[in-house]
Amino acid sequence: MSRGSAGYDRGITIFSPEGKLYQVEYAFKAVRSTGLTSIAVRGKDSVVFVTQKKVSDKLIDPSSITNIFKITKHIGALVTGLMRKLTFSIICAFSLKNIAFPSSADAKSIIQNARQQCADFRFKYGYEMPVDVLARFLADRAQLYTQHAYMRPLGVETMLIGIDEERGPQMFKVDPSGYFVGYKAIAVGPRETEANNLLEKKIKANSSMTFDTAVQTAIAALMNVLSEDLKATDIEVGVVHGDERAFRLLTTEEIDQALTIISERD
């Protein structure tokens, strides 16, 4: 606790003389402390996000570690911050299936609530929840956590991507304070400042990227700010594109192909 924040960081509802809510600021620091940088880029007919994939223990199955989740068939979420993922084996009928769930309370709360809201929306209105409506719901819920002394802000930032039938490709970021807004490109994590400066130049040069260009731009930006060569197993890439507007993860082979093109181009 810093000298200037003495007494004012003990309660979420107490403003400091500088007009700050220190518990909310600490939530942002929790996102940065994970050491993971995530980048999202919107193209003319697609949306892409990419994040680092770190395995902390050699005994952990790498396939059980992810920051990317499918909310609905058409919406994907990338959660950066206090989270991890475990795999549970469930015997279903005559086959054994591995089902992954977020184990951190913060990530688990966000993902489960997002999926529940999307399911309720579809049941009530008969069509899929738009990505901007989901972003507003998550932001409203995050902001509620800053109003009560018996709650605390969630230590994660969430990126949502999807393609709206009327508005086209959409990308939103929801932060621990409850603020959300749409972006053309955005970065989250300890290297977000350098990444955002780089993305501004990329978007200014080409604001209507094709799907392949958007994928390569996101991966290349991550490699640039990390100042290291990445392997296909070091990152995860989620995309929404095509007429079906379906969200999916790129395979290791597809990521490796994009990395090869980037290395040859540079």
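Q: What share of the 266 residues in the protein is buried?
A: A residue counts as buried when its relative accessible area is under 20%, as exposed when over 50%, and as partly exposed in between, with a 1.4 Å probe and protein chains only. In this protein, buried residues make up 48% of the 266 residues. The model is a predicted one, in which local features need pLDDT of at least 70 and side-chain atom pairs count only at pLDDT 80 or more, while totals for chains, interfaces and linings use all residues. Residues are numbered from 1 along each chain as its sequence is written, and side-chain values use heavy atoms, with hydrogens and water left out.

Q: How many helices and strands does the protein have?
A: Helices (H or I, at least four residues) and strands (E, at least two) are DSSP runs, numbered from the N terminus. The protein has six helices and twelve strands.

Q: Which residues touch the most other members of the largest nonpolar core?
A: A nonpolar core is a set of buried Ala, Val, Leu, Ile, Met, Phe, Trp, Tyr and Cys residues joined through side-chain atoms within 4.5 Å. The largest one holds 32 residues, and Ile39, Ile219 and Val237 touch the most other members. At least two residues of this core come from each of β1 (38–42), β2 (46–52), β10 (185–188), α4 (192–205), α5 (211–226), β11 (235–241) and α6 (252–265), and α5 gives the largest share, eleven residues. There is also a second, separate core of 24 residues, which includes Ala77, Ile110, Ala114 and Ala135.

Q: With which residues is isoleucine 219 in contact, leaving aside its neighbours within four places in sequence?
A: Contact means heavy atoms within 4.5 Å. With those neighbours left aside, isoleucine 219 is in contact with Val50, Ile235, Val237, Ala258, Leu259 and Ile262. Across the protein, among contacts between residues at least 6 apart in sequence, 60% join residues at least 24 apart.

Q: Is threonine 37 buried or exposed?
A: Threonine 37 sits in the loop between α1 (22–33) and β1, and this residue is buried, with a relative accessible area of 0%. Leaving aside neighbours within four places in sequence, threonine 37 is in contact with Val50, Thr51, Gln52, Val188, Gly189, Pro190, Arg191, Leu222 and Leu226.

Q: What is the phi of serine 227?
A: Most residues other than glycine have a negative phi. Serine 227, however, has a positive phi near 55°; this residue lies in the loop between α5 and β11 and is exposed, with a relative accessible area of 64%. Arginine 245, which is not a glycine, has a positive phi of about 55°, and its place is in the loop between β11 and β12 (246–249).

Q: How many cavities of 30 Å³ or more does a search of the whole structure find?
A: On a 1 Å grid over the protein atoms alone, a cavity is a set of points where a 1.4 Å probe fits but cannot get out, and lining residues have an atom within 4 Å of a point. Grid points are joined across faces, edges and corners, and a volume is the space filled by probe spheres set on the points. The search finds one such cavity, and the volume of the largest cavity is about 110 Å³. Its lining includes Ile110, Leu138, Arg141 and Glu157, and α3 (131–144) and β7 (156–164) each supply at least two of the lining residues.

Notes:
1 Å grid on protein atoms, 1.4 Å probe; cavity = no way out; pocket = protein on both sides within 12 Å on 5 of 7 lines; lining within 4 Å.
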